[in-house]
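Here is a short report for a first look. Keep the structure in view while reading.

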Amino acid sequence: MTKDGLKVGFIGLGIMGAPMALNLLKAGHTLFVASRSKVPTAFAEAGATVCTNAMEVAKRADIVITMVPDTPHVQDVLFGEHGVAQGLKPGQLVIDMSSISPMATKAFARQINALGCDYLDAPVSGGEVGAKAASLTIMVGGPEAAFERARPLLAAMGKNITLVGGNGDGQTTKVANQIIVALNIEAVAEALLFASKAGADPAKVRQALMGGFAASRILEVHGERMIQRTFNPGFRIELHQKDLNLALQGAKELGVSLPHTASAAQLMQSCAAHGLAGLDHAALCRSLELMAHHEIAPAPG
């Protein structure tokens, strides 16, 4: 601990990672950053130290956070050439806040533990809005002592922070979260498409439903996106596809059936086939609209 807070490394400054890291700076922590893409100028201006690679970040920080898109990216950042593992010293803490495979997470944790360091998997929910507002839900897997050590950092980025269990349990919780979110988006899309095709005003239908038992955060936020046609990404379809594939892969390994998760994954695949994978996951409605030859609402203006 320094007079400026904890010495924190942050690797991955994309749509989610950049605002999360900036919130750590605002909370008074000393920050060392690296990213595959160009590091935004806001970090140097705010006093962060820009590092050339993940190894350098690990050498200079006491706690290292990774926030990258998928399992192979985490593996590369941690164990690739000039990766985090090459810069770690015993006693450091690695926190992966990406959304990746629970089974791979357990393996990564064992490898980091073998270096004398602790590991937490701490994926998040709340999208770009939650990342900017420091109101993310954070689902954590790992040792309780490491969780308590990380708590000040997690509290600077989120509000609903839960230690679920051991390593991998945070990622399992995130996969479960993504199943619920995907099926809710699909339900809202089907409902609004049905209402619109039947001749009702989808905006007024949504307003009416928000006062009843069908009310949900998805109906509120993503329902409005479907009506307003605002599909600029807060969370891209291609990333949600990745999460649903993790769910289906896990279901196969566990011997359970997730039929509606598979349905949502196929609708997202249809969007990807039409070149829409980079849009917000609310655009899942486009696959249903294409099959119906009808859009929920026309584009404003």
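How much space lies in the largest pocket? About 1100 Å³. The model is predicted.

**The pocket**

The lining of the largest pocket has 40 residues. Nearest the pocket's centre lie Met-16, Gly-127, Glu-128, Gly-234 and Phe-235. Helix 8 gives the largest share, 6 residues. By class, the lining holds 14 nonpolar, 18 polar and 8 charged residues.

**Two loop residues**

Ser-99 sits in the loop between strand 5 (93-96) and helix 5 (102-113). Leu-88 is placed in the loop between helix 4 (71-79) and strand 5.

| Residue | Relative accessible area |
|---|---|
| Ser-99 | 11% |
| Leu-88 | 14% |

Buried means under 20% relative accessible area. Ser-99 is at 11%, so Ser-99 counts as buried. Leu-88 is at 14%, so Leu-88 is buried too.

What does Ser-99 touch, leaving aside neighbours within four places in sequence? Its contacts are Pro-69, Pro-123, Gln-171, Lys-174, Lys-242, Asp-243 and Leu-246. With Lys-174, the side chain of Ser-99 makes a polar contact of 2.6 Å.

Under the limit of four places in sequence, Leu-88 is in contact with Ala-58, Val-94, Ile-112, Leu-115 and Cys-117. Val-39 is 49 residues from Leu-88 in sequence. In space, the two are 22 Å apart, C-alpha to C-alpha.

Definitions and conventions. Residues numbered from 1 in each chain as written. Predicted model: local features only at pLDDT ≥ 70, side-chain atom pairs only at ≥ 80, totals over all residues. Heavy atoms only, no water. 1 Å grid on protein atoms, 1.4 Å probe; cavity = no way out; pocket = protein on both sides within 12 Å on 5 of 7 lines; lining within 4 Å. Points joined across faces, edges and corners; volume = space filled by probe spheres on them. Helix = DSSP H or I, 4+ residues; strand = E, 2+ residues; numbered from the N terminus. Nonpolar A, V, L, I, M, F, W, Y, C, P; charged D, E, K, R; others polar. Buried < 20%, exposed > 50% of the residue type's maximum accessible area, 1.4 Å probe, protein only. Polar contact = N/O pair within 3.5 Å; in protein donor to acceptor, adjacent residues only side chain to side chain. Contact = heavy atoms within 4.5 Å.
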